[in-house]
Amino acid sequence: IEGLNLALQPLAEQHVLELQRLGLNFKITSGLRDYAEQRKLYAKGRTAPGDKVTNARAGFSWHNFGLAYDLTLFSGKNPVWNSRHYETAGKIGKALGLEWGGDWKKIIDRPHFQLPMQITLAQARKRRANDLPLIERACFPLGHTRNFLRTAFLSLSNSASLCLVLVKLRLVFFANSKAVKNPDGISSAPK
């Protein structure tokens, strides 16, 4: 979790805690990936032995910017890839405001979760090259936040659900503050 962008860290942590509360042993098995690691993964099943594990080249995955993570279900020490519990993880992730790879149409990636971004990967690569922040105040759409809060308050049956609301409220405050301290450590005023 530490390598993830600061805006994603509390959501990833809460995601795992909610799954553990349900008795499901999910762990984050991939978060921030540097370009070298992404190139190695992309080579699998192409120029290196093994099955294909990604269609994203280096710089073409939100993992490369710390804005995505993969969750894996475990039974003891063994990963479990085919389980209905990935649907549960998907529902919880979406309730937290994350985009779930299980909803994708072309390449379904049920372990994958990412922060919805208002910029493209090309813009992210350009911002990184120019030492600019990846997340600005518009990153958390207010309408999406309202829907989350409505759902969360209707299902407040325990302290874990309240914790979800508090995490989301912290992000709403972060997204709507007058001077935004970006997760990349750069302070900027809204435009």
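The largest pocket is lined by 31 residues, and Val53, Thr54, Trp104, Asp109 and His112 lie nearest its centre. A pocket here is an open set of points on a 1 Å grid over the protein atoms alone, where a 1.4 Å probe fits, with protein on both sides within 12 Å along at least five of seven lines; lining residues have an atom within 4 Å of a point. The model is predicted: local features need pLDDT of at least 70, side-chain atom pairs count only at pLDDT 80 or more, and totals for chains, interfaces and linings use all residues. Residues are numbered from 1 along each chain as its sequence is written, and side-chain values use heavy atoms, without hydrogens and water.

The space in the largest pocket is about 950 Å³, taken as that filled by probe spheres set on grid points joined across faces, edges and corners. At least two lining residues come from each of strand S1 (26-30), helix H2 (35-43), strand S2 (68-75) and strand S5 (112-114). Helices (H or I, at least four residues) and strands (E, at least two) are DSSP runs, numbered from the N terminus.

The protein has 6 helices and 7 strands. Their order from the N terminus is α-β-α-β-β-α-β-β-α-α-α-β-β. Of the 191 residues, 45% are buried (under 20% relative accessible area; exposed is over 50%, partly exposed in between; 1.4 Å probe, protein chains only).

Asp131 lies in the loop between helix H4 (121-129) and helix H5 (142-154). Its phi is positive, about 55 degrees, although Asp131 is not a glycine. Asp131 is exposed, with a relative accessible area of 64%.
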